[in-house]
Amino acid sequence: MLGGFVPPRSNPTARQERLGAELRRMRERAGLTAREAGSLLGTGPIQISHIEAGRIGVSEERLRRMALHYRCSDVELVDALVVMAAERGRRWYDEYRGVLPQPTLDLAALEWHASGLQNVQIVHIPGLLQTEGYMRALFTYLSVDFTPDDLDAFIEFRMRRQGVLDREDPPRFTAIIHEAALRMKAGDRAVARRQLDFVLDNADRPSVSVRVIPFSAEGFAGMGFSMLYAAGPIPQLDTVQVDQVHGIAYVDAEAQLVYYRECLRIVERSALDADESRDFIRRIAREL
């Protein structure tokens with residue numbers, strides 16, 4: 001709401017921040033300051049700042065007034081933002097609020113709301129395709145300061161994330177996995193074999209496509225990062241999630257989205273098709 005009676009959120013979600021960022025971009029394209037926008041809407045610059053930071057919600061009526069004052073004629077964008085603004089109620093990942101870091105919850109929300117997902121992984125199996133044994137080995141190695149309860153919570157959460165693929169209307173999921181990730185053993189031989197079998201099982205889903213980049217791929221210079229490209233209801237609301245040493249980063253600026261779309265195009269060019277990829281994974285599994 002735009003009134004001053006609702007206290008600002010102290011820890012807005014990435015989705016709430018994205019809504020605010022889109023409204024800020026809309027205002028800036030109109031050449032208006034926060035003070036000018038506040039005057040048009042009958043409020044002040046502080047409230048506008050809170051909205052644009054995701055700390056205060058906004059009603060459909062107010063959002064459409066903002067779009068009108070900002071001279072935004074993109075009906076699809078405004079309608080999509082209205083849907084985001086109207087979201088109420090708890091999703092399954094909200095059960096972990098205060099238990100797991102907010103960026104981890106934001107990743108589950110990103111996957112849940114996406115119309116399509118493209119995940120590029122060079123050294124790890126994508127999270128949506130990991131077995132419990134693989135997760136446990138991975139988290140134990142990478143997070144030596146985890147308590148047993150922390151470890152169990154992260155594993156349970158990641159396994160529940162995979163439920164997005166079980167929905168009646170799952171997002172189209174393309175996993176592009178480098179051969180290095182398929183051959184790297186997180187855990188023992190049995191864990192590795194079960195993991196490859198699990199990838200193959202999921203590759204049979206109608207909504208899932210698994211593609212492998214073999215070591216022998218020509219013209220693949222490699223990538224030093226993994227990425228998840230989540231398609232929004234319209235291209236302007238796409239989001240990229242990138243793993244970094246210090247944690248999860250979310251990217252949504254237009255120029256950055258163009259860059260990552262080009263990265264995907266280049267990587268896909270080096271990958272085997274879905275049938276060739278399944279055969280390739282079976283060969284690796286037989287070698288274990």
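I began with terms: helices of at least four residues and strands of at least two are DSSP runs, numbered from the N terminus. I kept in mind that this is a predicted model.

**Entry 1**

I looked up the second largest pocket. Its volume is about 720 Å³. I then asked which residues come closest to its centre. They are Arg9, Thr13, Gln16, Glu87 and Arg88, out of 31 residues that line this pocket.

Next I checked the elements around it. Three of them give two or more residues to the lining: α1 (14-29), α5 (75-85) and α6 (102-113). Which element gives the most? I found that α6 does, with five residues.

I also sorted the lining by residue type. I noted twelve nonpolar residues, nine polar ones and ten charged ones.

**Entry 1: the sheet**

I turned to the strands. Six of them form an open sheet, and I wrote down the order β3-β2-β1-β4-β5-β6. The pairing is mixed.

**Entry 2: two parallel pairs**

I followed β2 (residues 172-178) to its partners. With β3 it pairs in the parallel sense, over six bridges. In this pair I saw phenylalanine 173 opposite valine 208 of β3.

Strand β1 (residues 116-121) also runs parallel to β2, and six bridges join the two. I picked glutamine 121 and traced its bridge partner in β2, which is isoleucine 177.

**Entry 3: strand β3**

Is β3 (residues 208-213) mostly covered or uncovered? I found it mostly covered, with six of its six residues buried. I then sorted its residues by direction. Val208, Val210 and Val212 point one way from β3. Ser209, Arg211 and Ile213 point the other way. All of these are buried, and for me that word means under 20% relative accessible area.

**Entry 4: alanine 34**

I ended with one residue. Alanine 34 is found in helix α2 (residues 34-41). What does alanine 34 contact, leaving aside its neighbours within four places in sequence? I listed Arg27, Pro45 and Ile48.

Notes: Residues are numbered from 1 along each chain as its sequence is written. This is a predicted model: local features need pLDDT of at least 70, side-chain atom pairs count only at pLDDT 80 or more; totals for chains, interfaces and linings use all residues. Side-chain values use heavy atoms; hydrogens and water are left out. On a 1 Å grid over the protein atoms alone, a cavity is a set of points where a 1.4 Å probe fits but cannot get out, and a pocket is an open set with protein on both sides within 12 Å along at least five of seven lines; lining residues have an atom within 4 Å of a point. Grid points are joined across faces, edges and corners, and a volume is the space filled by probe spheres set on the points. Ala, Val, Leu, Ile, Met, Phe, Trp, Tyr, Cys and Pro count as nonpolar, Asp, Glu, Lys and Arg as charged, and the others, Gly among them, as polar. Buried means under 20% relative accessible area, exposed over 50%, partly exposed in between (1.4 Å probe, protein chains only). Two strands pair if DSSP finds at least two bridges between them. Contact means heavy atoms within 4.5 Å.
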